[in-house]
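Welcome, and please take a moment to look over the sequence and the model before reading on. The tour below goes from one chain to the contact between chains, and then to some of the parts inside each.

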Amino acid sequence: MIEKESMASHQGARQWVVLWRYWMVREFKTRYAGSVLGLAWAFVQPVATLAIFYVLFGRLLAVRVPGLETDQGYLLHLLAGLAVWLPFSDAIGRGVGSLAAYEDFLRKQPMPAEILPAVSVGGSLPVLGVAYVLLLTMSVAQEVGPTAAWLWLPLLIVAQLILTLGLALFLSMAHFLWRDVGSAVAFAMQLWFYLTPVVYPLSQVPERFHSWYLLNPIACLAMVVQGCALGLPMMAGVIPALMLWVIVLGGGGWWFFRSMKSSLGEAL
Amino acid sequence: MTIRFEGIEKTYMVYERPQDRLWEWLSGRQRHRVHVALTGVDFEVRSGETFGLIGENGAGKSTLLKIAAGTIRPTRGQVHRQGRVAALLELGAGFHPEEAGQDNIRFMAALHGVQGDAMDEFVARTVEFSELSSEALARPVKTYSSGMFMRLAFAAATAIDPDVLIVDEALSVGDLHFQKKSLNRILGLRERGTTVLFCSHNLYQVRSLCQRAAWVHGGRIQSLGATEDVVTAYESHERRRYAHLRVESDTESHREADARPTAAPTTAALVKIGKLTVETADGLNPAQVDSFQDMAVEIEVESYTEGAFHVLFAIVRPDKDNVFGTSTQFRAQGEPLQGVGEHTVRVQFSRLPLLSGEYLWSIYVLDDTGIQVLDMAELIQPFTVLNQKHREFGIAWLEHEWVRVE
C-alpha cells in the first residue's frame, strides 16, 4: 500500500516535471511571438540595464567599491548585484499575475496550480544565466577569479530559486485573492531595488544602518553572492540570515499557497 | 474505470468584500456566508456505464461535474476515480492563441501526463480527428476560425482514450457536422467501455444515451436510478412547476377579463416522445432512402395526463431549414390527441419527393393550442436520400412539364 502510494507520488512528480517543461517551452515560444528580435530580448534586457547603471553610477557619479582593487571594480559589483536582482524581479514581475491570468483555465482543467508561479521562476533562468556568464567572464578578465569560493555559487543559485519561488507562490496567490497585491508589488519592487546594495556598495551606507539590511532577503543574497564571486568582505551574520530567509520564504510561500489553494477553482 | 462519490458536500465561502477574506485570515473570526452548493451526494458511476445528470440551472450539476473532474475539491467527502479521466468542461481552455496548433496539441498531451511514444500517438489521433491540414496545424491558433478551433480542441480533449469521460452540455457547439462527429466520438468511446458522466438539458439525449441518471435539485440528489424513472420524475416536476405558473396566470387573466368567455381551464399535459420509426420497403429505419420510394413514419409518444396535445414533426436539412413539416393539428378535423397511455401516429409518404441529400427529423409535442412545447427532439435520426433515377437536382422534386414554345 505504502509502496503504491510512493509510486503514485513518483508518477505525479514526473508528470509535474513534464508539464512544467512544456509550459516553459510555451512560455518562451509565446513570450516573444510576433517580435523581430525574439529570444534576443532575453539578452538585450539585462545588458541594457547593466549599461545604464554602469554609465550613470559607475561613470557619471563615479561610485567606487572599497576592497575591490581593479579598474572595473564597480562594474563587477554591479554585475554581481544584478545577477541576483534581475532574475528575481523578472520572476516576481511575471509570477504575481500568473494565477489570476489563468483563473478560468484553473476552473476548467484539473492541474497542479503550483506550476504557474514555477513557470515564472523558470522563465527568469535565461536572464540569470546571462548575468552569471557575464559576471564570471568579467571576473576572470579582471583577474578577480576564479577562486575556491566560486564553488558556493551553484548553491547560492539554488537558494535564490527557492527564495524566489516561495515569494512567487505567496504573491501569486495573494494577488489572486486580493487584486491590490499586483499594483502594490509593482511599486514595492522599485523601492526594494534601491534598498538592496546593487547600484551602490554597502560600505557607502552609514555603519549603523548595516544590520537593517539583514531584514532584506535579497540584500542578504546579493551580499553573499558579491562576497563569494568577488571576494568582498561579508557582513557578520549575513549567511545565517540568508539561510533563515530561504527557509521562511520558501516554506512560508509553499504553506500559504497550499492553505489557500482550495479557493482557486471556485472564486464566485 | 469508475467514479465514486462518497458523502460529497460542497460549500462555498462567500465574502461580501475582498478585504473580509483578509480580516478573517488574520483574525480567525468568520466573516463569510456559507453557500451550500451540494450536499449528501453519495453514488457510484459504474464501470462502462453512461450516466446522466439532469436538473434545473443552478441545481449543482456543474459543481458536481467539476468535483468529478477534480478542478474543485469537495468540502466534505471523497471522490474516487479510477482510470484516465478526460473532462470536457470547456473546449480549448488550455490553448494558447499565439502557439501553433501542433504545439497546443503537445501541450494538451503534457497536461494529461502523456509523454514519449504515447505523445506521438496522441498527436496523430488528434490530427486525424481534427481534419486540419498540416499547413493549418503549423499556424498559431489565433488565426483559426471558431469551427477549426473547436475541432482541434475536441480532438485534443478526447485523444487520451479516456477510461472515464466527463462532458458538460456546453459541448453542443460548432456546426452540425462537428456536433455529429463529436457525438459519434463519444458514442465510440462508450462502445469501447468508457464510463461516461454527462449533464444535459436535452432530455431526449439523456434518455437515448444513459443507462442511469440522477436528478440534482437544490444541491441534493433528488432521485437516482434507471434513466426512464428519473427523467420522468424530473419531467413531472417541471410540468407541475409549469402548471403552477399557468394556473396563476390563468386566474390573473380571469380577473382581468371577467366578461370575456374563457375556455375551461385545461390540465397541463405531460407527454413525452418515445421513438420515431421510419419504414420503407427496405425495412425499419434504413440508413438510406431512395427518392420516390414509399416511406412511412411512425412516432410513439406517451401521455401521463388527460391533457390534450398535438404531435408535430418536420423533415429538416442539416442547416436546420425545414423541408416539410406537419402536425396532427393540421389534419382535416384538427382534433388533438388525448388520454393517458401510449399514442402512435403514422404518416405515409407515397413516392417521397425528396432528392439527394442528408435529412433529419425534428419532433415536437405541443399542447392543445399548438403553441406550448411539451417535449421535443430536434435534429434526430439522420437519413440519406439518394436520387438514382433522375438527373434533376435540388432538395425536392417539383412536378413539372417541359412545354413546347413556338
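A helix here is a DSSP run of H or I with at least four residues, a strand is a DSSP run of E with at least two, and both are numbered from the N terminus. Counted that way, chain A has eleven helices and zero strands. Please keep in mind that this is a predicted model.

**Chain A as a whole**

Read from the N terminus, the elements of chain A follow the order α-α-α-α-α-α-α-α-α-α-α. Chain A has 268 residues, and 41% of them count as buried. What share of the contacts in chain A between residues at least 6 apart in sequence join residues at least 24 apart? The share is 79%.

**Where chain A touches chain B**

On to the contact between the chains. Chain A gives 21 residues to it, and chain B gives 26 residues. On the side of chain A that touches chain B, the elements giving two or more residues are helix H1 (2–31) and helix H5 (103–108) of chain A. Which of the elements supplies the largest share of that side? It is H1(A), with seven residues. By kind, the residues on this side of chain A are ten nonpolar, five polar and six charged.

Helix H5 of chain A also holds A:Asp104. Is A:Asp104 buried or exposed? It is exposed, because 10 other C-beta atoms lie within 10 Å, and a residue counts as exposed at 12 or fewer. A:Asp104 and A:Leu264 are 160 residues apart along the chain, yet their C-alpha atoms are separated by 9.5 Å.

**Two helices packed together in chain A**

Helix H6 (residues 115–123) and helix H8 (residues 153–177) of chain A pack with their axes 9 Å apart, at an angle of about 135 degrees. That angle makes H6(A) oblique to H8(A). The crossing in which H6(A) passes H8(A) is right-handed.

Which residues meet here? From H6(A) come A:Leu116, A:Pro117, A:Ala118, A:Ser120 and A:Val121, and they meet A:Leu161, A:Thr164, A:Leu165, A:Ala168, A:Leu169 and A:Ser172 in H8(A). The residues of this contact divide into eight nonpolar, three polar and no charged.

**Strands of chain B**

Now for chain B. Strands of a sheet pair through backbone hydrogen bonds, either parallel or antiparallel.

| Strand | Partner | Sense | Bridges |
|---|---|---|---|
| S3 (residues 50–54) of chain B | S7(B) | parallel | four bridges |
| S6 (residues 164–167) of chain B | S7(B) | parallel | four bridges |
| S13 (residues 295–303) of chain B | S16(B) | antiparallel | nine bridges |

Strand S7 (residues 195–199) of chain B is largely enclosed by the rest of the structure, because five of its five residues are buried. Both faces of S7(B) are covered: B:Thr195, B:Leu197 and B:Cys199 are buried on one side, and B:Val196 and B:Phe198 are buried on the other. B:Cys199 in S7(B) has B:Leu53 opposite, while B:Phe198 in S7(B) has B:Val167 opposite.

Elsewhere in chain B, four strands form an open sheet in the order S11-S10-S13-S16, with antiparallel pairing. Its edge strands are strand S11 (283–284) and strand S16 (341–349) of chain B, each of which pairs on one side only. Within S16(B), B:Phe349 is the bridge partner of B:Met295.

Terms used: Residues are numbered from 1 along each chain as its sequence is written. Chains are lettered from A and ligands numbered from 1 in the order in which they are written. This is a predicted model: local features need pLDDT of at least 70, side-chain atom pairs count only at pLDDT 80 or more; totals for chains, interfaces and linings use all residues. A residue is buried if 20 or more other C-beta atoms lie within 10 Å of its own, exposed if 12 or fewer, and partly exposed in between; C-beta atoms are placed from the backbone. Two residues are in contact if their C-beta atoms, placed from the backbone, lie within 7 Å. Ala, Val, Leu, Ile, Met, Phe, Trp, Tyr, Cys and Pro count as nonpolar, Asp, Glu, Lys and Arg as charged, and the others, Gly among them, as polar. Two strands pair if DSSP finds at least two bridges between them. Axes are lines fitted to C-alpha atoms, for helices over the stretch in contact, and angles run from 0 to 180 degrees between N-to-C directions. Angles under 35 degrees count as roughly parallel, over 145 as roughly antiparallel, 65 to 115 as roughly perpendicular and the rest as oblique. A crossing is left-handed if the near helix is turned anticlockwise from the far one by less than a right angle, and right-handed if clockwise.
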